[in-house]
Each structure stands twice: as C-alpha cells, then as structure tokens.
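Have the 3D view open as you read.

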Amino acid sequence: MLQELYQPHPEIAQNAAIKSMEEYHALMAKANEDYEGFWGDYAREKIDWFKPFDTVLNESEAPFYKWFEGGELNVAYQCLGRHLATKKNKAAIIFEGDNGDQRVLTYRELYYEVNKTANMFRNQFDIKKGDRVVLYMPMIPEAAISMLACAKLGAIHSVVFGGFSAEALRDRIIDAEAKLVVTADGAFRKGQPYMLKPVVDEALSYGCECVKNVCVVERNGEEIHWEAGRDYAYLELIKNESVKCEPEIVESEHPLFLLYTSGSTGKPKGVQHSSAGYILWAQMTMEWVFDLKENDTYWCTADVGWITGHTYIVYGPLAAGATTVMFEGVPTYPDAGRCWKMVEEYQINQFYTAPTAIRLLHKMGEDEPDKYDLSSLRILGTVGEPIDPPAWKWYYEKIGDSKCAIVDTYWQTETGGHVITPLPGATPIKPACATLPLPGIIAKVLDAEGKPAAPGEQGLMCITKPWPSMIRNIWGDPQRFVKSYFGDCSVDGKAVYFTGDGAIVDENGYITITGRTDDVINVSGHRMGTAEVEAAIKKHPNVAAVAVVGKPHPIKGEGIFAYVVLKSEDTIAEEMSMVQEINEVIKKEIGAIALCDSMIFVPDLPKTRSGKIMRRILRALARGEEITQDTSTLEDPSIVERIKNCCKSAGI
C-alpha cells in the first residue's frame, strides 16, 4: 500500500487556479463564513445571465432546494454563443472514430451545427421548451450537438447509454414520456459495425406511444428499417435549416436533463438536473480540477451515456471554452497503445479515464507508453471508483513520468460534478484516496447518529449543505427522491444528503471512499442495482430465486456474482448451459454491461424468518471471507454451510 504523500509539482502549482493549501483553506473558510455569498459571487462571475438572479438559495421547501432564483440563462449560450467573440476559430470538439475517422469542429462550426439541429427539432418535430427528447447515440459529434440543441430550445434531454437493451431503453422512454428519439443507424467498435437503430425499433414496438418521431444519424451505413411517417434522416432534414437560432431563455431551475441511474430497487431513477446550478459547477470544476489553460487539449474517455460524459466531455469543457476530445472506440483497439498514440498526436494535456481502463491498459501493455511521447500531459484523472495503489503507481510513473498531478475524483450522477478530489496545484496526494472536499462542498463522514466519525472509523459519506449542482428531484417521483437521498442521515435533526457510500477520514481530514453501503454494484465505474439484475434473472423460466452481490474483480473493480436457485434439479452439464441462458436474458433485459462474472446454483438462499435475504453473508461467501454475522436468526441456519460447500465445489 502506498502511504507517502506526493506533493504538487512546482510548475503546476505556480500556474494553477488554486495554487496552495493556504488558498484552498481560505476558500473553504469563505464558504463556511458566508455560504450564499460564496456561491453568489461565483455565479455572477462565471455565468452570462440574460437576467440576473435575486435569491442565491431558497431552502423553504427543503430538500427541494432552489438556486439562483429570478435568474434567466441558456446553457447552450453559456457553452457556445458567448465564446464566439474570442474563440470562434478555436477547436471546440476533436472527434476520433474507432475506424480512424477524424473531424474537428471549431466553436463557430459547432454553434452553427447546434443552431441547425435546434431549428430542425423545432420545425420538423415540434420540440419546444419542457419537451423530453431521448438520445440513444454512439460517441459521435452529433450526440453532443443534439444535447446542446435541446438546451438551446429549453427541451429536456435524456441520454441512454448505447449498450443498454431495448427493454431498458423502453423503460426510460416511457418514464420520461419522450416525444422524440434521436439515434444512429449504428457505429463502430473494435473495427466492426454495430447497430443501434434496430434496438430503438424493438423498444418502440411495445408501449412507447409518447414517441412521435425518430431522427436517425447515418454513421456506419448498414441497412436499417425505416418506418414511414415516424423515422427521418438527420442529415437530410438538417440541410435546409438556418444557422441562426435565438436561444430559449429559461429560469435557473429549469430542468436541463434527466439521466437514469440504477438504484437499490428495480426501477431506474430519473435523476433531474437544473440549468444554472449544474452548468456553474461543471465549469468551475473544469477550471479548478483540470487546471485548464487557453491552449489545452482535454480528453475524457467516458461515454455521453453516463454523467461523466455529460459534465466532462460536453457541458463542462465547452462552458469553460476548452478543446474537448470525443473518442468513439475502445482504449485497447487496435492495440493497447491507442490512447497513448492519441495523446501524442493531439498533444493531450489532461487525460481523464476510469481505473478499469488503467488496469486493463497496464495488464495488456505495461511498457506500451514507452513508444510514445506523452510529455504534453499535465493532469491525469480517474473517475467512477477508487483507484487501487498498483494501478495508481503505474499511472503516475509510466504515464505521468512522476510529474503529472493525479486527480482521483469522487462524485456521482446525483452530484452533477466533482465533490471530493485533489486540486492539482495545491493538494498533497495520497494514492487511492479522494483526499479533500472541493471549496464550497461541505462533506462529512458521519456515524449512524449523525456525529462526525472518528479518524480511522468507517462512516457514512454525507454532504451536509445543499450545493448548486445537486440533484433536484427524481423525475415524477418526489417521494422516492426524499427517501433515496435524505432518509438515512441527519445532523441536529435536519436531513442531509447521503451519497450511499461508506468512507473513512484520517487525522488530516483526508477522505477514503470504501464503497457502496446499499445494494448497488460498481461495475467498471458504472452503478448497477442488484434488484435490476435480479429482476432480469428471474425472467428465466427455470429460476426460482436469485440474489446478486458484488465481488472484487481485477479489471472491473467489482464484478457481478449471482446465487441462483433453480426450479428443477439439473445436472452440472445442464447448469453450465443455464449460465449462458441466464446471461442471455440479462443481456436482453439490461445489456452486456450487467452480465454475471460468476454464477453458482444453490439449494436455497439465507433468509431471515421474515423472508429478508441476508446479502452480507452472501457477499462474504463470494469473497471467501469468514462469516462473522449471527446466523441463528435465519429461517434455516444450515443453509450457510450448504452454500459454502457449493462455493467450494465451484472453486470459489
């Protein structure tokens, strides 16, 4: 375990937005002394308002907080229109396709494309302020263009990750009551075309009456079905649209987007984000955490189907006036040098990826970085899960040449942007540790009574004051919103935001995230609800009962482990085919991202007399740990030993 502290590199500290721990503590003190003044000053400085706000924070309906009331803005204008005076010829998006396609859009060109798309959405599909638009897109510029076109019109977009199944897509379309779906025929992955439009066709074949039209970007040229009167070609419709489009002025709290995330119950949650608070923090964290400079080229390897792609590929970089790279492919194709080749070619200054990708690149090409010039790199970021010390060390030494700052960022879909992370010019870095809350984020590790946890003691990761970019609601389900995020922790009788993660704080205030405390598994940085996976498995006709837990995985961080009770007594050979069949059901219901890495068939599950499954016992068994829980309260205490024997037989 790496225990030493790594001091910021002097050259980075000298030019950073926050240059020292003294500056950091001064900002934290300002936020503590005058919280509303702190945020109000930044909002006035960073956002180009059409009408200034008159109230910084309205807590009268807590936890339904309202920020910057009275203010009016347009997020697409914040990202594009306001930059034209000074950055019109600067690269806004650099696109690299899986197949080597390259495309550069300047701020002026992107502005024109967004305006034409917004006009097309409005003129051809009657999209207006408040309408929902679902985007089921590959990583191509039209995905970002469509997001920004929705923002231009005040429409609310909901991006669905292109790896999700037709069923998962359908559920999200219906919940959002989307009027329009924007998709592509398909895209490329590992040199081969894959398809998206057929998934949309399947999703719309049952129960999506709200959808009036489908707009299709032709990317890979494969044959697709076109439904007359419903499906339209993006490139055909956009040809005659004007490059001029006045932005729809919206109030600060107007929803910018919905993004569905897995919860501990089966139904995905439509996380709702506002316009002003979200874009403010997206821009501020880009400037603080990634130390953006005018001529930097910044690359985040995420997909726009996740919050990381929203905040740190599209909205944050463009609001900050940066050059952002969009990459369609995978880091290991055509070989493990793909990322490092791109860093050299585009002279990347900030590289932001998941620990899963770092572990994979380390495993597949430990010395591959030596073949490329990576000297342009200044900031290395990680996202989605805590990074393990061996991966951190390789990332720091081999990729960063022991000179780059590593920002191990902790945040969630619900937080909108980073909340705990090192600052590259200020924070002494403790490997595999998220370190300290950002200025303005009042984050505490609390015990079950709402008191600060003692150093070294496991506690609950909470944020005790509202902040501008926080989730505003769960779409259409305010009760679930309150229960999900404000039902577990309170300080002095006031409910505070609980992230759902456990954490440990050390004597210096450094915070280490220890993982989920609820039934959510973090697979390659993506949260999968156990209930959602279990519901899919139960659709197999021979499954009587199932329990899903997380198990450490050398590449993904956490893998999905399923305990399955079958209706019939099958032979070992039949069980082997059952594993394939069950994973096929999961793939159909959710997508390949939720496939089980391990599956064993057991006679029953450990349940209390009231019928509750004791997942802590199953987690311990999956990890080969000793059972420390009291099993006397189980309906059948002997089942634990029998499951243990099943694990042994399976070599677990």
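## Starting at Ile173

Ile173 has a relative accessible area of 0%, so it counts as buried (buried means under 20% relative accessible area, exposed over 50% and partly exposed in between, with a 1.4 Å probe and protein chains only). You'll find Ile173 in helix α8 (helices are DSSP runs of H or I with at least four residues, strands are runs of E with at least two, and both are numbered from the N terminus). Leaving out neighbours within four places in sequence, Ile173 is in contact with Val134, Ala178, Val181, Leu204, Cys208, Cys210 and Val211 (contact means heavy atoms within 4.5 Å). Take Cys210: it sits 37 residues from Ile173 in sequence, with 8.2 Å from C-alpha to C-alpha.

A quick word on where all this comes from. This is a predicted model, where local features need pLDDT of at least 70 and side-chain atom pairs count only at pLDDT 80 or more, while totals for chains, interfaces and linings use all residues. Residues are numbered from 1 along each chain as its sequence is written, and side-chain values use heavy atoms, with hydrogens and water left out.

How do α8 and α9 cross? The axes of helix α8 (residues 166–176) and helix α9 (residues 197–204) come within 8 Å, at roughly 60° (axes are lines fitted to C-alpha atoms, for helices over the stretch in contact, and angles run from 0 to 180 degrees between N-to-C directions). That makes α8 oblique to α9 (under 35 degrees is roughly parallel, over 145 roughly antiparallel, 65 to 115 roughly perpendicular, and the rest oblique). On the α8 side, Ala166, Glu167, Leu169, Arg170 and Ile173 meet Val199, Val200, Glu202, Ala203 and Leu204 of α9. Sorted by class, this contact has 7 nonpolar, no polar and 3 charged residues (Ala, Val, Leu, Ile, Met, Phe, Trp, Tyr, Cys and Pro count as nonpolar, Asp, Glu, Lys and Arg as charged, and the others, Gly among them, as polar).

Now look at helix α3 (residues 35–46) and helix α11 (residues 276–289), whose axes come within 10 Å and cross at roughly 90°. That makes α3 roughly perpendicular to α11. Here Phe38, Trp39, Tyr42, Ala43 and Lys46 of α3 meet Leu280, Trp281, Gln283, Met284, Glu287 and Trp288 of α11. The contact divides into 8 nonpolar, 1 polar and 2 charged residues.

## The cores

Trp39 and Trp288 turn up again in the largest nonpolar core, which has 126 residues (a nonpolar core is a set of buried Ala, Val, Leu, Ile, Met, Phe, Trp, Tyr and Cys residues joined through side-chain atoms within 4.5 Å). Together with Leu110, Phe121 and Tyr315, they touch the most other members. Apart from that core lies another, of 44 residues, including Val199 and Val533.

## Other buried spots

Helix α17 (residues 530–537) has 7 of its 8 residues buried, so it is largely enclosed by the rest of the structure. In helix α14 (residues 355–364), the buried residues include Pro355, Ile358 and Leu361. The buried residues of α14 pack against α13, β18, β19, α15 and β30.

Is Glu368 buried or exposed? Glu368 is buried, with a relative accessible area of 14%, and lies in the loop between α14 and β19. Over in strand β21 (residues 443–446) is Ala443, which counts as buried at 11% relative accessibility.
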